[in-house]
Amino acid sequence: MEPNPLGAYLKARRTKLDPAALGLPLERRRTPGLRREEVAQRAHVSVTWYTWLEQGRGGAPSPDALERIAVALQLEGVEREHLFLLALGHLPEARFQPAGDVAPRLQRVLDALECSPAMIKTTTWDVVAWNRAAAAVLSDYGKLAPDQRNVLRMLFRDPRVRAAQHDWESVARSAVAVFRADMMRTGAGASENVRALIDELERHSPEFAAMWRDSDVGHFGGGRKLFTHPQAGEIALEYSSFSVDGRPDLGMVVYNPATPADATRVLELIRARESR
């Protein structure tokens, strides 16, 4: 490994940038890419400090300075993460972004899970993709307006969703704790939409307001849940959560039937829904 891997990475990234594409002068250059002073100017840091950073001098930079350098060097995704790992030894905080389209490949992953209800949710708990098993067992998300496909809104304001939970209070308290952690981890608390959701739930649900005041935080992880379906009765499901590579704002949740009998109930609900 290079004696100064951070400096080597910074130099390698700036040499790959096209000065002309960034509106910089095209006078004769001894080396390709951007000069140190041009990166420093774009990152709003001093040339001396940036030079020291490439030379491995001056100590660890602040996360804010690193973020500006990442923007100056047009680093995104894994490149930005690599910069933070080299400089600080840890990943940057995830950046909140509103829900967007889910890649078709992710939808195909969901669809391949024939009798396992599965969905993809954002860090603010909006359901943005699901499979037919989820629509049959959990909720028919396709019949809901996009702004109503929020897990917390459904859990606290939809009587049918509440009735389906074997231990609603425990489920709701855990959901609020995980939501708080997700929101703070990604900076979603600064979003007006998220603040409006919290205000709405506090107004309409004293239970949510009390749980929110407790300030608990949690991790989704995995476990076992019992659902009470109005047609199929009790269904036991084991759930696992997964991150989506390259999309820190998304998470996948998969519910596997706990027993063959539970799998049969799920398949029967799918067939009944599709026969209507």
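Predicted model: local features only at pLDDT ≥ 70, side-chain atom pairs only at ≥ 80, totals over all residues.

Two packed helices are described by the angle between their axes and the distance between the axes. Take helix α11 (residues 192-204) and helix α12 (residues 206-213). Their axes come within 5 Å and cross at roughly 120°. The crossing of α11 past α12 is left-handed.

Now the contacts. α11 brings Ile198, Leu201, Glu202 and His204. On the α12 side, they meet Pro206, Phe208, Ala209 and Trp212.

Five strands form an open sheet in the order β2-β1-β5-β4-β3, with antiparallel pairing. β2 (127-130) and β3 (222-229) are the edge strands, each pairing on one side only. From one strand to the next, the twist averages 30°.

Look at β1 within that order. Strand β1 (residues 118-122) runs antiparallel to strand β5 (residues 247-257), and five bridges join them. Thr122 stands opposite Leu250 in β5. Towards β2, β1 has three bridges, again antiparallel. There, Ile120 has Ala129 as its bridge partner. The β1 and β2 hairpin has four residues between the strands. Within this hairpin, Trp125 takes a positive phi near 70°.

Helix α13 (residues 260-274) lies across β3, β4 (233-244) and β5. α13 runs at about 90° to β4.

Helix α1 (residues 5-15) has Leu6, Gly7, Tyr9, Leu10, Arg13 and Arg14 as its buried residues. Seen down the axis of α1, these fall within an arc of 165°, so they line one face of the helix. Their cover includes α2, α3, α4 (63-72) and α5 (78-88).

His44 sits in the loop between α2 (36-43) and α3 (47-55). Is His44 buried or exposed? Exposed counts as over 50% relative accessible area. His44 has 65%, so it is exposed. The C-alpha atoms of His44 and Ala72 are separated by 8.9 Å, although these residues are 28 apart along the chain.

Technical notes. Residues numbered from 1 in each chain as written. Heavy atoms only, no water. Helix = DSSP H or I, 4+ residues; strand = E, 2+ residues; numbered from the N terminus. Buried < 20%, exposed > 50% of the residue type's maximum accessible area, 1.4 Å probe, protein only. Pairing = 2+ DSSP bridges. Axes fitted to C-alpha atoms, helices over the stretch in contact; angles between N-to-C directions. Contact = heavy atoms within 4.5 Å. Arc of directions from axis to C-beta. Left-handed = near helix turned anticlockwise from the far one by under 90°.
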